[in-house]
Amino acid sequence: MSIIVPQNTKSPSSRAPISTYSTPKASVRIPESNRPFECCSWFPSVDLQDVAESNSARAKRANVKISNNRASSGNAILFKQRLPRYWVADAGYVVVRIDERGFGQSPGSAAILSSQTWRDFAFAIEWAAEQSWSNGKVALLGVSYYAMTQWGAAALRPKGLVAMIPWEGACDMYGDMARHGGIFSNGFIDWWWKRQVNTTFYGAPGRAANNWGPDTIECTRTPAELAANTLDWPQACRDFPYADAPIWKDAQIDLEKITTPLLSVNNWGGTGLHPRGNFAGYVRAASTHKWLFIITGRHDLPFYRDECVALQRSFLDAFCKGLDDRGWINGPNAEKGVPAVRIVVREPRLVGVDDEDLDRALPVRDESAWPLPGTQYIPFYVQADGALGLLPPSNSALFEYAGLTGDAVQFSTLPFDTRTEMTGHPVAHLYLSLGKFIGSKKDFDVFVTLRHIAPNGNEVLYTGTSGQPASAGKGWLRASVRFVDESHPLHEPYLPHQPYTSDKVSYPEPEQVVEMLVEVWAVHFVLEAGARFVLEVSPKDTEGTDIFTSFDDADRSEAGFGGVENRVHVSGQYQSRIIMPVVPAAAASLYPDGEGPSIQTFNFLYATSA
């Protein structure tokens with residue numbers, strides 16, 4: 001079947017014109033037929049032209065073979081999006097690409113990840129549903145930015161939207177992306193803005209000459225015009241450190257308003273950007289038909305695997321065409337249906353770093369809910385000798401390091417006697433203080449890392465977002481925004497709700513001991529017999545962070561954070577600890593030969609310490 005590609009199709013605008021040209025532009029690819037088709041859509045901040053490097057080329061450079069299928073190779077593929085040739089000619093969908101306002105060929109003012117983005121996308125969905133080539137059913141599919149925007153549009157409940165697959169997509173622009181625990185994540189944001197956003201502005205000069213895509217057809221903007229028509233997102237992240245700033249309130253997504261059938265696809269290795277959003281979107285969405293699948297591997301490859309493309313098509317076919325080969329329509333956990341949660345199990349003997357073959361060989365396990373049923377939240381207490389134990393400390397100790405630049409302190413469990421799985425949301429309860437200092441105020445940042453140590457003493461590292469080694473878990477928190485709102489409906493003991501608002505800022509006084517509840521982003525690792533884990537506390541980034549680093553001189557200045565000791569307190573009064581999600585039944589179901597963990601000690605401790 002040939003492909004018809006009418007370029008620069010206009011889609012509706014949710015706002016009055018901002019400039020002479022104000023209508024977003026779209027690329028629509030339609031099967032050659034007179035009948036209406038289902039519509040796949042996404043809303044990128046890239047050109048509608050086929051100019052991005054193909055995924056197959058990226059894979060070839062990395063010595064990775066991901067697929068031979070027509071959904072993951074060809075000249076028309078765009079990074080983190082599917083190939084129209086497959087979805088149009090083979091799967092029978094219309095594929096719509098729309099340049100976000102202020103990017104590519106769409107005029108207007110650029111304001112990424114804002115209510116403007118969500119509204120424009122929702123209007124575009126309704127426009128697509130009403131076209132003569134559409135049967136009125138629109139589905140969303142894409143990775144990263146093309147997943148994040150799905151949450152925002154779906155919360156507006158546009159007419160015609162019948163299915164969505166946010167594949168690794170954050171949904172809290174402040175906490176997931178801009179500021180981790182209140183700390184500016186500038187390493188990724190500055191890189192991303194310079195490389196993937198700044199090169200695609202509407203009217204940017206020299207785009208074709210620099211191989212960034214075709215020049216804008218309608219005009220070229222001067223640097224002053226570009227600045228006047230662009231929300232400088234990295235600078236906004238710097239200028240507005242609290243979550244109650246207008247930019248962050250404007251971008252908030254009411255996930256509870258989402259009723260669209262959804263498949264939220266997460267990645268264990270994505271800590272630092274997307275996982276919080278995929279978990280929150282799945283848990284909070286009001287959709288009756290919703291699923292959470294958790295994969296592993298690099299951020300840019302799994303989406304194109306044969307098995308993943310088959311999964312995407314199966315889900316979309318069910319809700320767009322009524323062709324249900326897996327039982328999606330029956331609902332999650334239904335008889336002859338699809339379990340609500342499916343996770344890739346990071347089996348220690350199969351774990352590798354940036355090894356696509358190993359990642360694809362990992363076993364898969366079905367679950368009925370998230371957090372996983374039967375999870376027990378077990379405290380591991382910091383001891384005076386630097387160990388982690390199951391009982392509160394009987395002696396006192398003080399662990400010190402220099403603020404801002406000091407070396408991390410580590411606390412380790414003993415080797416585990418039996419295989420034990422940790423899956424879910426850890427939270428660190430740490431008692432910390434600043435030493436004496438000169439001046440009116442100081443602050444401190446806490447970077448928490450969980451490290452999985454194999455029986456041979458080597459750290460077990462995992463595939464991170466960019467293919468770099470990633471540790472077992474990461475968490476962040478700035479002392480001045482440590483306030484926890486236990487009355488908030490989203491607060492859970494394993495997932496503290498911290499509003500990060502300006503009215504709750506409280507700087508620690510010299511030698512004042514404060515309790516810090518550090519959210520460690522959801523983890524999954526399996527400790528073999530003889531393995532152990534380490535809790536690491538640091539004033540800065542440590543190894544295993546991938547590209548999500550925090551080193552902005554203004555956000556973390558010497559004057560504000562340096563020149564003072566940071567202290568971790570351990571005593572009967574100050575019971576610093578990490579509460580871990582232990583899944584006792586998981587190994588038994590995965591390993592029916594009886595090698596699953598025995599947790600009688602955990603059960604006893606949990607019952608007596610509750």
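Analyst: Let us begin with the overall content. The chain holds 15 helices and 29 strands. Please keep in mind that this is a predicted model.

User: How many residues does the chain have, and what percentage of them count as buried?

Analyst: The chain has 610 residues, and 61% of them count as buried. Its exposed surface comes to about 22,600 Å², of which carbon and sulfur atoms supply 50%. Among contacts with a separation of 6 or more, 76% are between residues 24 or more positions apart.

User: Why is helix α4 described as largely enclosed by the rest of the structure?

Analyst: Burial is counted residue by residue, and a residue is buried when its relative accessible area is under 20%. In helix α4, residues 145–154, ten of the ten residues are buried, so the helix is largely enclosed by the rest of the structure. Tyr145, Tyr146 and Trp151 are among these buried residues.

User: What describes a pair of aromatic rings?

Analyst: Such a pair is described by the distance of the centres and the angle of the planes. A search of the whole structure finds 33 aromatic pairs. One of them joins Trp268 and Phe279, with 6.4 Å from centre to centre and 45° between the planes, and is tilted. Trp268 belongs to the loop between β10 and α10, whereas Phe279 lies in helix α10, eleven residues apart. Both Trp268 and Phe279 are buried.

User: Where do the side chains of a regular strand lie?

Analyst: In a regular strand they alternate between the two faces of the sheet. In β24, Gly473, Gly475 and Leu477 point one way, while Lys474, Trp476 and Arg478 point the other way. Six of the six residues of this strand, residues 473–478, are buried, so β24 is largely enclosed by the rest of the structure.

User: In what sense do β20 and β24 pair?

Analyst: Strand β20, residues 445–453, pairs with β24 in the antiparallel sense over six bridges. As an example, Leu450 has Gly473 in β24 as its bridge partner.

Note on methods. Residues are numbered from 1 along each chain as its sequence is written. This is a predicted model: local features need pLDDT of at least 70, side-chain atom pairs count only at pLDDT 80 or more; totals for chains, interfaces and linings use all residues. Side-chain values use heavy atoms; hydrogens and water are left out. Buried means under 20% relative accessible area, exposed over 50%, partly exposed in between (1.4 Å probe, protein chains only). Helices (H or I, at least four residues) and strands (E, at least two) are DSSP runs, numbered from the N terminus. Rings of Phe, Tyr and Trp (its six-membered ring) pair if their centres lie within 6.5 Å; planes under 30 degrees apart count as stacked, over 60 as edge-to-face and the rest as tilted. Contact means heavy atoms within 4.5 Å. Accessible areas come from the Shrake-Rupley method with a 1.4 Å probe; for residues, only the protein chains shown count as cover. Two strands pair if DSSP finds at least two bridges between them.
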